[in-house]
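Subject: Handover of a structure and the findings from it

Dear colleague,

Please find below the structure that I am handing over to you. The findings follow directly after it.

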Amino acid sequence: MSAVRSLLSQRFLWMALLLSLGIGALSVRALWTLRNDEWTYALKANTNLVGTLAHSLEWTLDSVDQSLITVVEGIESAGELSPSARMRDRLREVVRFESVVRLHALGNVVVINAQGDVILDSGSQEPRKANVADRDYFLAFKERGHEGLFVGRPVPSRITGVMSLPLARGFRTPQGEFGGIVLGAVRLSYFNELFASVDLGENSGVNLFRNDGVIVSRFPYGDADVGKSIAGTPNMIRFQQEKEGSFVGRAALDGVERSYSFKHVGRFPLILNVAQAKATIFKKWNRSAWGWGCSPSRSCWRPWRWPCSSHASCSAARR
């Protein structure tokens, strides 16, 4: 009888062990499924968010560009470039009409001659004195013959001092020579205001770059990195190679591992991304896993380690 009891006892022990392992396996699977659900939800939400923000940016930039086109067409059709009262009034009229819906985004529109001097200014009866002959957006047209819209490096305006993203279009004289540029600017504060509506959690934010890797905006990290370049970094290469997508990468500026959802901003040489830290995405899941694993009604175990020896020891570890 003792041998039978011993055999039954061993069988019960094995059955209990197998049952415990089965419950543990199901629990791990359930927690892993929840983890995957958190990741899938974050990825989908960030993809939708970057699409919405990119669409808003595209609409604003397109409106600014239409203003520049209108002024360029007016100058070229007039066949002259002079700071006359008629030209000043025409410029202000165009800018007022075109910018009603984007007053917070657009700065002044100015006309600059072939020497880089401001000769027409939508914000002043008499054009304010400034020369931009050394700026990248001016040199692009004068020295490199750029055609169409040019998006410059973010810089403080030499007229207002406000940090802005310059947008410029060139125009020609009746003889077909370079005549100057029409310059508009989007205040960087506009990007911060737009991105401020987004709360992605700790170590997360929204970034806007030029296609060449120059930083235009990093919210909510401030303006300290504006104008720097991340050209050649693995993340930037990925942004440049694809029109849109998602991936996990480590930021070159702070080394934080994030999930990136990115998209090019329409026809403009700009790339927008929503960057959410992996630790932030799984923060809620980690709390749930701890709470589930160490609930008084369950065996206290951690899914990434062997089961704890007792509730007390696990509670001590958690403290």
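In what follows, Ala, Val, Leu, Ile, Met, Phe, Trp, Tyr, Cys and Pro count as nonpolar, Asp, Glu, Lys and Arg as charged, and the others, Gly among them, as polar. The model is predicted: local features need pLDDT of at least 70 and side-chain atom pairs count only at pLDDT 80 or more, while totals for chains, interfaces and linings use all residues. Residues are numbered from 1 along each chain as its sequence is written, and side-chain values use heavy atoms, with hydrogens and water left out.

Overall picture

The protein has 8 helices and 11 strands; these are DSSP runs numbered from the N terminus, helices being H or I with at least four residues and strands E with at least two. Of its 319 residues, 42% count as buried. Here buried means under 20% relative accessible area, exposed over 50%, and partly exposed in between, with a 1.4 Å probe and protein chains only. Among contacts (heavy atoms within 4.5 Å) between residues at least 6 apart in sequence, 54% join residues at least 24 apart.

Nonpolar cores

A nonpolar core is a set of buried Ala, Val, Leu, Ile, Met, Phe, Trp, Tyr and Cys residues joined through side-chain atoms within 4.5 Å. The largest one has 39 residues, and those with the most contacts inside it include Leu-57, Leu-167, Phe-191 and Leu-272. Helix 1 (residues 2–78) supplies the largest share of this core, 10 residues. Another core, of 15 residues, lies apart from it and has Ile-112, Phe-138, Ala-168 and Ile-181 among its members. Leaving aside residues up to four places away in sequence, Leu-167 touches, among others, Leu-61, Val-64, Leu-68, Phe-150 and Val-182.

Cavities and a pocket

On a 1 Å grid over the protein atoms alone, a cavity is a set of points where a 1.4 Å probe fits but cannot get out; a pocket is an open set with protein on both sides within 12 Å along at least five of seven lines, and lining residues have an atom within 4 Å of a point. Grid points are joined across faces, edges and corners, and a volume is the space filled by probe spheres set on the points.

The whole structure holds 2 cavities of 30 Å³ or more. The largest cavity has a volume of about 150 Å³. It is lined by 15 residues, of which Phe-209, Ile-230, Ala-251, Ala-252 and Tyr-260 are the closest to its centre. Two or more lining residues come from each of strand 7 (205–210), helix 5 (234–241), strand 10 (257–264) and strand 11 (270–277). The lining of the largest cavity divides into 9 nonpolar, 4 polar and 2 charged residues.

The second largest pocket contains about 270 Å³ of space. Among its 20 lining residues, Asn-108, Ser-157, Thr-160, Ser-164 and Ala-185 are the closest to the centre. Strand 6 gives the most to this lining, with 3 residues. By type, the lining of the second largest pocket has 12 nonpolar, 5 polar and 3 charged residues.

In helix 4 (residues 188–195), the buried residues are Leu-188, Tyr-190, Phe-191, Leu-194 and Phe-195. They lie on the same side of helix 4 because they cover an arc of only 155° around the axis, the arc being that of the directions from the helix axis to the C-beta atoms.

Helix 5 has Asn-235, Met-236 and Phe-239 buried. These residues fall within an arc of 95° seen down the axis, so they line one face of the helix. The face turned away from that buried side carries the exposed residues Pro-234 and Gln-241. Strand 7, strand 9 (244–250), strand 10 and strand 11 are included in what covers the buried residues of helix 5.

Individual residues

The peptide bond from Phe-219 to Pro-220 is cis, with omega near 10°, and Pro-220 is found in the loop between strand 8 (215–219) and helix 5. Asn-203 has a positive phi of about 60° although it is not a glycine. This residue sits in the loop between helix 4 and strand 7. For comparison with these two cases, most residues other than glycine have a negative phi, and most peptide bonds are trans.

Phe-282 lies in the loop between helix 6 (278–281) and helix 7 (283–293) and counts as buried, at 6% relative accessibility. Its C-alpha atom is separated by 9.5 Å from that of Ala-42, 240 residues away along the chain.

Yours sincerely
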